[in-house]
Amino acid sequence: MCYKPLTLLLLSLSFNSTALIGQTTDTVLNDIAPVEVRAYFNTQAMLELSASAKVLPRKLLDSQAPSTVLSVLNTTPGVRMEERSPGSYRLALRGSTIRSPFGVRNTKVYLDEIPLTDASGNTYLNLIDPVGLRAIHIVKGPDGSLYGPNTGGVVQLLPNGTASADEEKSLMVSGGSYGLFHQQLQWREKVSDTYNFSFDQAYLRSDGYRDHTHSEKLYLQTLHQWKYTPKGELKFIGVYSDLGYQTPGGLTAEQYAENPRQARPAGGPMPGAASQQAGIYNKTFIGGLTHKYQLSDRLQHVISVFGSTTDLENPFITNYEERGEQNIGWRTYFSYYPVVKDNFQLEMQLGGEGQNGWYRVKNFDNHSGTRGELQDDDKLRNGQQFYFYRVNARIMQRLSAEASIGLNRNSIAFDRQIPGDEQSHGDIDFGTSWMPRFGLSYQPISTMAIRGSISKGYSTPSIAEVRSSDNRINSELKAETGTNYELGIRFESGNRRFIADLAAYSFQMKDGIVRQLNAQGNEYFVNAGQMDQKGLEASVLGQLFSAPEASFLQSLILSSNLTHQYYKFEQYQVDDQDYSGNKVTSVPDWIWANTLSLQFAKGFEFNALHNYTSSIPLNDANTVHADSYHLIQAKLSWTGTVINRHKLQVFFGTDNLLNEKYSLGNDINAMGNRYFNAAPPRNYYAGVKFML
C-alpha cells in the first residue's frame, strides 16, 4: 500500500497537456492555482520562486465546509493540520506535532504584514475564522533569514479588503450534525478611489461528537485601507476573538474501542475531564498599523506596528491555569525595485522585526472547574529581534538567484512570585544566531523551472515550553536548529491547464523540542538530540474538461497531492530510554490527498476530497500506532440570481463519507496510554448564503 500512491501520482505526471479533453484557450485553474504567490515581500511568479510554495485562494477555501480551513490545508503536500476536538487545532509544516499540544509552534504565521505568532513563538491559529480570509499563502521549509525563528516555514493569511476589486456584502447561515451552527457576515466596500474597508464577523458553536466537547466562538475582524497620496498608503487591521471549548481528553485503546464518544474517565487518583470541567477559554485582541510609502520610482519603505492582548483560562485535570499575555512589536524594511530590463534585474530588501511579550502565569488547584488554592505565580518576559538583508537577481529572464541573511537574538526573563523557590528569578539567553539562505530557480523552457535552495532554520522554545504545566522553569531547554537542502521542479503548460510540482528535501535538525508527560500527567519539554527529516512532495493539477456555458458539464478539475516523510530520531535519549533510530513521533510516512471539482450548468458545483493518511507512531518508543484511514468529504452547491439581481447560494456537504473510525488528532506520549481522540463518524452540514 505504501508505494501505491507514489505509483499513481507518477502515472499522473505522464499526462501531457495536449492530451486533455475539450481543449480551449481559457482555463479556470488561475482561480484555484494562482500564477503568483506572496513570498519574500512581494508577489512572485511560481515559476521564478526558489522555494516550495502553495496558494490557497478563496475559491479553494469555499470548496468544503465554511467553518474550517483544515481539510483544504491538508491538500497541501508537506502540511498537516489536526483537530483533537472542536476548536483544538495543531499545525505542522514539514514537521512533527510532537512539539505542539495545541496551537502552532516552529512555524511563523502572519496576518497580512502583522505577525499572528507572538514574541515567544506561539500562534493561536484556532482564533481565526475563515470568514475574514481572502487567501492563504504557504512557503514551506525553514527560513530564519527573513521571518525570524522558524523551522517549518511561513504561513501568510491574507485578509479581506486588501484587493481593489474585493467588494461584497453577504450573510451566511449553516448548521449540521452534533449541534453545529455557523453564521458569517461580510461587508467589503470601496468607499472612494482612496479609501476602502472590510468588516467580517462570525459566530460558531458545536456540541461535538464526544462527551464534553462543546465549543463556541465569536470572531470580529476589520480592515481599513487609505491611500492618502499617490505614493502613500495607511492600513489598519483589528481582530477580536472570544473562543471557548471543552477538552474531553484522550482515551486508552480499550476505552476507544468500547465507547469512542466518552470523555476521559477518572483513573486511579486522577479525576475525569468532565468532572474537572477541562477546557480552554481564550479572549484575544490583535491590532496593527501598516504604512507604505513610495520614496522614489525604485525605493519603497514599509513599517508596521502591532500589539496583542490575551486572557486565557485553562481548567485542567491537575490544576487551573490563568494566563495574561501582552505583546507589542514592529516590522520595517526598505525595498529596492529596479527599472525592468530584459537581461538583468536586481531587487533588494533591508529591514528588521522585533517583538516583546509580557506573560503572567498563575496555577491554582482545580476544584471541579473552580479555582482553589494558588500553586504557582510567575512573571515572564520574552524579547525577540532579527535583522535581515536580501538580494535577488533575475538574469536573461531564465535564472533567478537570491541570497538572504538574518541576525536573530532571543531571550527570556522570569520572576517567580511564590517565596521559597530555589530559582526565583533569572534570564535565559539563547544568544545571537546568523541565519543564511541561498536559492536558485532556472527555466530551461518557459513552462518549466528547476529550483534548489539551502536554508537554515532556528526556533527558540516558547513561553509555554519553558514554563509548561509542570510549573517549572526549564532553563536548560535549547533552541532547535538545522540546515535544509532542497531540490524541486515545476511545470505549467502554456495555457495552465496542467500543473505539476515535485520537491525533495533533507533537513537535519539539532536539539529538536519534544513534549513529554510526567507521572502526574503534566507536560514538560526536552531536546531530542538530532532528527533526520527527509521528505518527498509531489502534486499534479489538471483541468481535464472544459466546455461552453450552454453545456451540462462545463469543467472538470482533478488534483493529486502526495507527501512522503522519512523522519527518524538520530540521537535521542530520555533518562535510561534510548529512542535513537525510531521514527519521529506523530509523523505519518504517507499522506495522499486528491480533489475533484465539477462545474455544471445553471450554477451547480460539486467538490470532493479524499485523504489517505498512513499509520502514525504515537509514542517515542513506537510501540503504539494510530491506524491508517481514508477520509472522503463532499460538497454540492448551487448559486443563482434571485430578487433584484442579488445572488443566493445553497449548499449541502458531508464529512467522513466512508464512516471510518479514526482519530484526526492524537495525544502524544500520553500518560496512562490515553492516546486516542475519536473523530466524528459520517456527518452532514447545510447552509444558505445571501449576497448583495
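Two strands count as paired if DSSP finds at least two bridges between them. With that in hand, welcome to this predicted model, where local features need pLDDT of at least 70, side-chain atom pairs count only at pLDDT 80 or more, and totals for chains, interfaces and linings use all residues. Residues are numbered from 1 along each chain as its sequence is written, and side-chain values use heavy atoms, leaving out hydrogens and water.

**Confidence**
- The chain has a mean pLDDT (the predictor's confidence in each residue, from 0 to 100) of 90, and 95% of its residues reach 70 or more.
- Residues 6–26 are the stretch to treat with care, with pLDDT below 50.
- Where pLDDT is low, the predicted coordinates should not be read in detail.

- E7 pairs with E6 (residues 107–111) in the antiparallel sense over two bridges, and Tyr-110 stands opposite Pro-115.

- E25 (residues 513–517) and E26 (residues 523–527) pair in the antiparallel sense over five bridges, with Ile-513 partnered by Asn-527.
- Five residues lie between the two strands of this hairpin, and Gly-521 in the turn has a positive phi of about 90 degrees.
- Four of the five residues in E25 are buried (under 20% relative accessible area, 1.4 Å probe, protein chains only).

**Contacts of Ile-136**
- Leaving aside neighbours within four places in sequence, Ile-136 is in contact (heavy atoms within 4.5 Å) with residues including Leu-56, Val-69 and Leu-157.

Key. Buried means under 20% relative accessible area, exposed over 50%, partly exposed in between (1.4 Å probe, protein chains only).
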